[in-house]
Amino acid sequence: MMTEEDFRALALSMPQAVEDSHFDVADFRVGGHIFATFRTQDGRAVVKLSPEEQILFREQAEALFTPVPGSWGEKGWTMIALEKIEPDLLRQAMHLAWRSVAPRALL
């Protein structure tokens with residue numbers, strides 16, 4: 001089981017990641033681009049995957065990964081069931097999310 005604090009710590013462990021916010025959601029950015037979000041009021045954790053990565057994670061663990069409703073989900077934004085996910089699997093998803101927006105110089 002992962003907590004909000006675990007999610008935040010993992011997101012901020014990515015190179016040059018910073019925490020910001022928009023609306024009522026904490027977001028995690030690198031190079032000014034968001035790769036993950038967390039909404040405290042309902043514990044909703046989201047990462048930015050490619051649509052192909054989203055499919056692969058869902059095939060691996062459908063109960064843990066759910067596309068965000070609507071066009072955001074079609075673009076790869078994926079909700080994660082923190083209360084069920086193992087740390088290593090979350091780390092893999094977070095790393096891919098970070099890589100999806102990180103400046104080339106960091107890769």
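1. Basis of the note. The model is predicted, so local features need pLDDT of at least 70 and side-chain atom pairs count only at pLDDT 80 or more, while totals for chains, interfaces and linings use all residues. Residues are numbered from 1 along each chain as its sequence is written, and side-chain values use heavy atoms, with hydrogens and water left out. Helices (H or I, at least four residues) and strands (E, at least two) are DSSP runs, numbered from the N terminus.

2. The sheet. An open sheet is formed by 6 strands in the order S1-S2-S3-S4-S6-S5, with antiparallel pairing, where two strands pair if DSSP finds at least two bridges between them. Strand S1 (18-22) and S5 are the edge strands, each pairing on one side only. From one strand to the next the twist averages 30°; axes are lines fitted to C-alpha atoms, for helices over the stretch in contact, and angles run from 0 to 180 degrees between N-to-C directions.

3. Strand S6 and its two neighbours. S6 pairs with S4 in the antiparallel sense over 4 bridges, and Val47 stands opposite Thr78 in S6. Strand S5 (residues 65-67) also pairs with S6 in the antiparallel sense, over 3 bridges, and here Thr66 has Met79 in S6 as its bridge partner. In a regular strand the side chains alternate between the two faces of the sheet. In S6 (residues 77-80), Trp77 and Met79 point one way and Thr78 and Ile80 the other way, and all are buried, buried being under 20% relative accessible area, exposed over 50% and partly exposed in between (1.4 Å probe, protein chains only).

4. Helix H1. In helix H1 (residues 4-12) the buried residues are Phe7, Leu10 and Ala11. They lie on the same side of H1 because they cover an arc of only 100° around the axis, the arc being that of the directions from the helix axis to the C-beta atoms. An α-helix has 3.6 residues a turn, so residues three or four places apart point the same way. The buried residues of H1 pack against strand S2 (25-30), strand S3 (33-39), strand S4 (44-48) and helix H4 (87-101), with contact meaning heavy atoms within 4.5 Å.

5. Phe7 within H1. Phe7 has its place in helix H1, and it counts as buried because its relative accessibility is 0%. Not counting residues up to four places away in sequence, Phe7 touches a list of residues that includes Phe28, Phe38, Val46, Leu82, Leu90 and Met94. Phe7 and Pro87 are 80 residues apart in sequence, and their C-alpha atoms are 9.3 Å apart in space.

6. The two sides of helix H2. Glu53, Gln54 and Phe57 are buried in H2, and they are on the same side of H2 because they cover an arc of only 100° around the axis. Glu52, Leu56 and Glu59 are exposed on the other side of H2. The buried residues of H2 pack against S5, helix H3 (71-74), S6 and H4, and H2 lies across S5 and S6, running at about 140° to S5.

7. H2 against H4. Helix H2 (residues 51-60) packs with H4 at an angle of about 175°, with their axes 12 Å apart. H2 is therefore roughly antiparallel to H4 (angles under 35 degrees count as roughly parallel, over 145 as roughly antiparallel, 65 to 115 as roughly perpendicular and the rest as oblique). In this contact Glu53, Phe57 and Gln60 in H2 meet Leu89, Gln92, Ala93 and Leu96 in H4. By class, the contact of H2 with H4 has 4 nonpolar, 2 polar and 1 charged residues, where Ala, Val, Leu, Ile, Met, Phe, Trp, Tyr, Cys and Pro count as nonpolar, Asp, Glu, Lys and Arg as charged, and the others, Gly among them, as polar.

8. Two loop residues with positive phi. Most residues other than glycine have a negative phi, and most peptide bonds are trans. Gln16, in the loop between H1 and S1, has a positive phi of about 60° although it is not a glycine, and it counts as exposed at 59% relative accessibility. Phe23, found in the loop between S1 and S2, has a positive phi near 55° and is exposed, with a relative accessible area of 82%.
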